[in-house]
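Here's a quick briefing to read alongside the model. Keep the viewer open and click along as you go.

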Amino acid sequence: MKAFVVEKYGKDGVHAAEVPEPTVGDRDVLVRVSAASINPLDKLVRNGEFKQILKYKLPFVLGHDVAGVVTRVGSAVHGLNVGDEVYARPRDLRVGGFAEFIAIDMDDVAPKPASLTLQEAAAVPLVALAAWQVLVDRAQVKPGQKVLIHAGAGGLGSTVIQLAKHLGATVATTTDTDTEKLVRSLGADVVVDYTKEDFSKVLSGYDLVLDALGGANLEKSLTVLKPGGLAISVVGPPDAGFAKQLGAPSFLGLVMNVLSRKVRKQAKALGVRYQFLFMQANGSQLRKLGALYDSGKLRPVIDRTFPFDRTLEAMAHVEQGRTKAGKVVVSMVPDND
Ligand SMILES: NC(=O)c1ccc[n+]([C@@H]2O[C@H](COP(=O)([O-])OP(=O)(O)OC[C@H]3O[C@@H](n4cnc5c(N)ncnc54)[C@H](OP(=O)(O)O)[C@@H]3O)[C@@H](O)[C@H]2O)c1
């Protein structure tokens, strides 16, 4: 089958290749990929930035989000059948959506939301799961709480805004002038144009901040929280909770605590909290999210669709910051792009 394979770590390390079809384990479904989507994580994994903790065996197929049709099921699979249209963010170390087929553990897969096309569904899993895990699992956002979501026009931010609104939060977001209208249409109540204004000068009393930028942005984010408020970063620095999630040896927890010591100390001095979050595959959460897409509470935001053969171009489009808003999809169905 055709696939985009990481042969060595680095910018030029991924190539189109002919590879064997994946083997299908007892708990796996084999999915004929109809569409996949690009995430910044693809670049990080390709560059080997996670190789100390995500120990991929080279060569491997890249791609963290897929939608497609089940063509085979393992002997232990239940609840999913040949012919089902599904979507998934396959678990780490078993990614590989930039390919004609992928074998995915049944626990990571859910039926595609009926109201979405396969191309739209491919844009959803990673960012929607991250949104759920930030707002529902971690922060347990309640109606009336104030939530600041950075980079509201991005693939992640555009999803988190909508879910936070659905949960009843008052939502502020940072974005640039061109995308202000879009983020308002997604439900943002307060929009700070980061090219004109410093959010930390105009926002205060927030229960939760989602940081997707890191560095100074994260440090300033701590100052807009109310006492006891929570800052969650999805870009780091990692904390000991992440090492635990990975099941890593305890020394790695210590290392991660050292990496986040400065920001945790700053948070403590301000009477607020800091946590890192790295989303995880989860088919049952994708089922719940699918219902929200089907009821119109959430909608995917898609910047552009590329044909599968141009996956490297699609990756470059995201990497070079050329997306105006939302996600970039690659489709097996030829597009007029
Ligand atoms: N840990 C996790 O589980 C997890 C999950 C999902 C994403 N992430 C990470 O979160 C980050 C965002 O992901 P994504 O999928 O949303 O990426 P994306 O689609 O590329 O979006 C990034 C967005 O950031 C905006 N931006 C850049 N500088 C900004 C600033 N100073 N203030 C506000 N917005 C700014 C960009 O807008 P412009 O067009 O104005 O530049 C763009 O809309 C990535 O680093 C990704 O790796 C982590």
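Which polar side-chain atom lies 2.5 Å from an oxygen atom of the ligand? That would be one belonging to Tyr194. Before going further, bear in mind that this is a predicted model, where local features need pLDDT of at least 70, side-chain atom pairs count only at pLDDT 80 or more, and totals for chains, interfaces and linings use all residues. Residues are numbered from 1 along each chain as its sequence is written, and side-chain values use heavy atoms, with hydrogens and water left out.

**Around the ligand**

- The ligand has 19 residues around it, and Gly155, Leu156, Asp176, Tyr194 and Met279 come nearest. A residue makes this list if one of its heavy atoms lies within 4 Å of the molecule.
- On its own the ligand has 930 Å² of accessible area, and the protein covers 77% of that. Accessible areas come from the Shrake-Rupley method with a 1.4 Å probe; for residues, only the protein chains shown count as cover.
- Helix H3 (125-138) and helix H4 (155-166) are the elements that give two or more residues to the shell. Helices (H or I, at least four residues) and strands (E, at least two) are DSSP runs, numbered from the N terminus.
- By residue type, the shell splits into 14 nonpolar, four polar and one charged. Here Ala, Val, Leu, Ile, Met, Phe, Trp, Tyr, Cys and Pro count as nonpolar, Asp, Glu, Lys and Arg as charged, and the others, Gly among them, as polar.

**Strands and sheets**

- Three strands make an open sheet in the order S2-S1-S4, with antiparallel pairing. Strand S2 (14-18) and strand S4 (60-61) sit at the edges with a single partner strand each, so one side of each has no neighbour in the sheet. Two strands pair if DSSP finds at least two bridges between them.
- Strand S1 (residues 2-6) is joined to S2 by five bridges, running antiparallel. Look for Lys2, which stands opposite Glu18 in S2.
- S5 and S6 pair over four bridges, again in the antiparallel sense, and Gly68 stands opposite Val86 in S6.
- S6 is also joined to S8 by three bridges, antiparallel as well. Here Ala88 has Val109 in S8 as its bridge partner.

**Salt bridges**

- A search of the whole structure turns up 17 salt bridges. The cut-off is a side-chain nitrogen of Lys or Arg within 4 Å of a carboxyl oxygen of Asp or Glu.
- Asp65 and Lys327 meet through their side chains (3.3 Å, N to O). Asp65 is in the loop between S4 and strand S5 (66-73) and Lys327 is in strand S16 (residues 327-331), so this pair ties together parts 262 residues apart in sequence.
- Are these two partners buried or exposed? Asp65 counts as buried at 0% relative accessibility, and Lys327 counts as buried at 4%. Buried means under 20% relative accessible area, exposed over 50%, and partly exposed in between (1.4 Å probe, protein chains only).
- Arg91 and Asp108 form a salt bridge of their own (2.8 Å, N to O). Arg91 lies in the loop between strand S6 (85-88) and strand S7 (101-105), and Asp108 in the loop between S7 and strand S8 (109-111), so parts 17 residues apart in sequence are tied together.
- In that pair, Arg91 is partly exposed at 31% relative accessibility, whereas Asp108 is buried at 3%.
- Lys220 bridges to Asp198, with the closest N and O atoms 3.3 Å apart. Lys220 is in helix H7 (residues 215-222) and Asp198 is in the loop between strand S11 (190-193) and helix H6 (199-202), so the link spans 22 residues in sequence.
- Lys220 is partly exposed, at 31% relative accessible area, and Asp198 is partly exposed at 23%.
- Shared partners connect Arg27, Arg91, Asp105, Asp107 and Asp108 into one salt-bridge network.

**A buried serine**

- Ser233 belongs to strand S13 (residues 225-233) and is buried, at 0% relative accessible area.
- The side chain of Ser233 makes a polar contact with the side chain of Asp211 (2.9 Å). A polar contact is a pair of N or O atoms within 3.5 Å; within protein, one must be able to donate a hydrogen and the other to accept it, and residues adjacent in sequence count only if both atoms are side-chain atoms.
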